[in-house]
Structures are given as structure tokens and as C-alpha cells.
Amino acid sequence: MAKQNDADRKYVLEHTQEWLDDFLTNPGIQAYAENFKISDKRIREIIREYSLAMCDEFGRRPRRWTGTATEQIAQEHYRQLSADAWRETFVMLGNYFGYLQEEGHINNADALLHALTEFGGLYMPASTDAYLDDIQGYDGYNFERYDDGTGLNPNPRNGFDPDDVLDTLAEFYGLQRESKLDNDKFMQEHFSEFVLLAEGADGMDLMLCNAIADGYGRADMKYITDWFKRIVMPDINLSKMLDGQQPPKNQREMDALINQLVTSFMVDTSPLPTDLRMQFAAQLDGDSLANPGGEQRFMSRHAAVLQEFFDIKQKPAQPAPKQNKPAKIISFDEARRRLQAEEK
């Protein structure tokens, strides 16, 4: 077993602190930490312990981390952990591996996660299986998907690229690309129509784009939660989601339920179907498609875009579409499972 040297240890300590500072600003990590009551201090302890064990016991900097060494560290350091402590360690390390790979600091995140999963499968199978999704939801999904607004999405997924949508809208309104890019108000003024045309986008795409339209470099958890409450919550039938039970009256319990829904919304990378994007676009306008008057106002406001891109012509007295159905983008079963796990 190789021994660490002072240069390796200094490198690991300095870079781990720098990377953790950035890692902890990630909305997905903030959501998980808030929902499961894990402090930033505890997350730092988990990651520093692993990083220093790699350095002190194996003489390895991050680019030389291996699955074999990870398994040995798990045997030595994690075997006596409680189920809750293992959950924290497993999920935070797994997401940290994903973050490091996204940033180009390592290239074997899958192998490191596999080693942790193999260890957990032997010693804590229930906890490991239950929380694997909490890693897969974040890994490669919302780590720096958007920059500070100079280029909205450097790595388009699902065929969705915000710049393409903005170009389409600018052309529709007879604007040159340069005028659109120079006008900070363009995206904000046309954001509900942006949502309508955002084919391939998932829920987190829309929230982050809206944050940029509102002048933020990135969306923090307060912005994300407020957006969810304002745009998504009005059309959720909580009673149906809870199998006929009434939503909790206690504010603390209600906040916990909303946090679970926000997390499920964030980690679901399924592209939003057109009807849900239309539903969200209406809420962005301050209306609801569940209301016949709101639907008529929405159709009138966006008649040109709806006819041009969706071949929808405004019709008088159209029946309102059925709302209050579980949205595809929200995993209600997963949210309910997590809430029940917390109550236990």
C-alpha cells in the first residue's frame, strides 16, 4: 500500500475544498441535503474522509482513484455505519463522483460508484437499493448544465437547445439573431411562448431557463421551490396523489411534502409533453387552463404562435381540458415513498 506524501496531501486538501465549494451550490444536492437533513458540514466530512483515505492509505490523487481502492476504504471506514449514515455516505459520494466527472477531474465515476454499490449490496442492501436513484437522478443531469447566460446550454440533451428555441421565436417576430441576443428582455417577455416551443425540455430545463430570463446566473433552491409552487403546484391534485387522503394540515408536514415533490420534479429527466408545457405556459401568464376563461385568454394571447407551430386555431366556448392529473414529470410514487421513509 502506497503512502501519501506532503505534496499529494496538500493537493488533495486544496482541491477538495475548492470542488466542495462548487459542489454544494448544486440545486440537486441542496434539495437532497434539505430533505434528508444533512448539513453542509457533514457532506464535507464524508467527502474529505474518502479523499484523504485515498491519499493517505493509497497515495492516490483523484485522477488515480480506483474501484478496488474504494472497496477497501468502504470495508475499513463504512462497515460499522448505521443505515442512515451509510445512506448519507453512499448518496453524497456517488453524486460527488458524478460531479468530478462532469468537471473533468476524473473519468471513472461509474467504476467508483459500482464499488460502493457492491459493498452496500453485501452489508446494507436495503439502504443501497433504496437510494441508488438519488444518485442516478443527479449524475450527469444538472451539474453546470447552464452557464452564466452567455451560452444557455452547452450540452443539449433530448434534442432541447434553448438557443434554438430563442432563434425560432426571434425569426417568428422578425428579429435578427443579433438583436435577440443583445436584448436581455426578449427571453423574459416571451418566456411563456418559449415554454410552448421547448420540445425535449424537462422540468429542470424550464426552471433554469426561467432563472436566466429573470436575470439570475443560476437557480438556487429558493428560486426552484418558489417556481414549483407558482407554476406546477396549482394543477396538482394532492388528494389524488395521496390515495384519497387529505393533504397534511400541519405546515411542517406540508413543507416536507412539497420538498419531496420538488426533488422528484428536479430529478425527472423525461421530456415534457406539449400539454404539460402548455399548462405551465398558462400558469406563467397567471392563468389556468382548468378555467374556461383562463383558457380563452391564453388562446387569445398566443393565437399566432399556437396557429403557426401547433395548428391550433382559437375556437369559441371550447371545453376546458381536464387538469389535476398526475404529471408525467413528477414521480408521485417516489415522493410518497420518500415521505413514508422519513416518517418511519
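**Aromatic rings and helix packing**

Guide: Tyr78, Trp86, Phe90 and Phe119 form one aromatic cluster. Rings of Phe, Tyr and Trp (its six-membered ring) pair if their centres lie within 6.5 Å; planes under 30 degrees apart count as stacked, over 60 as edge-to-face and the rest as tilted. This is a predicted model, in which local features need pLDDT of at least 70 and side-chain atom pairs count only at pLDDT 80 or more, while totals for chains, interfaces and linings use all residues. Residues are numbered from 1 along each chain as its sequence is written, and side-chain values use heavy atoms, with hydrogens and water left out.

Visitor: How many aromatic pairs does the structure hold, and how are the rings of Phe191 and Phe194 placed?

Guide: There are 17 aromatic pairs in the structure. In the pair of Phe191 and Phe194, the ring centres are 5.2 Å apart and the planes lie at 15°, so this pair is stacked. Both residues belong to helix α12 (residues 191-197), where being three residues apart separates them by about one helical turn. Helices here are DSSP runs (H or I, at least four residues), numbered from the N terminus.

Visitor: Are Phe191 and Phe194 buried or exposed?

Guide: Buried means under 20% relative accessible area, exposed over 50%, and partly exposed in between (1.4 Å probe, protein chains only). Phe191 has a relative accessible area of 4% and is buried; Phe194, at 0%, is buried as well. The rings of Trp227 and Phe265 have centres 6.2 Å apart and planes at 45°, so that pair is tilted. This pair links distant parts of the chain, with Trp227 in helix α14 and Phe265 in helix α16, 38 residues apart. Trp227 and Phe265 are both buried.

Visitor: At what angle do α14 and α16 pack?

Guide: Axes are lines fitted to C-alpha atoms, for helices over the stretch in contact, and angles run from 0 to 180 degrees between N-to-C directions. Angles under 35 degrees count as roughly parallel, over 145 as roughly antiparallel, 65 to 115 as roughly perpendicular and the rest as oblique. Helix α14 (residues 221-232) and helix α16 (residues 251-267) pack at about 95°, with axes 10 Å apart. The two helices α14 and α16 are therefore roughly perpendicular.

Visitor: Which residues of α14 and α16 meet?

Guide: Contact means heavy atoms within 4.5 Å. From α14 come Met221, Ile224, Thr225, Trp227, Phe228, Lys229 and Val232, which meet Ile258, Leu261, Val262, Phe265 and Met266 of α16. By class, the residues of this contact of α14 with α16 are ten nonpolar (Ala, Val, Leu, Ile, Met, Phe, Trp, Tyr, Cys and Pro), one charged (Asp, Glu, Lys and Arg) and one polar (the others, Gly among them).

Visitor: What do the buried residues of α14 pack against?

Guide: They pack against α2 (27-35), α13 (203-213), α16 and α17 (274-285). Among the buried residues of α14 are Tyr223 and Ile231. Helix α2 is itself mostly covered, with seven of its nine residues buried.

Visitor: How do α3 and α5 cross?

Guide: The axes of helix α3 (residues 40-58) and helix α5 (residues 83-102) come within 10 Å and cross at roughly 70°. That makes α3 roughly perpendicular to α5. Arg42, Ile43, Ile46, Ile47 and Tyr50 of α3 make the contact with Ala85, Glu88, Thr89, Met92, Leu93, Tyr96 and Phe97 of α5. The contact of α3 with α5 has nine nonpolar, one polar and two charged residues.
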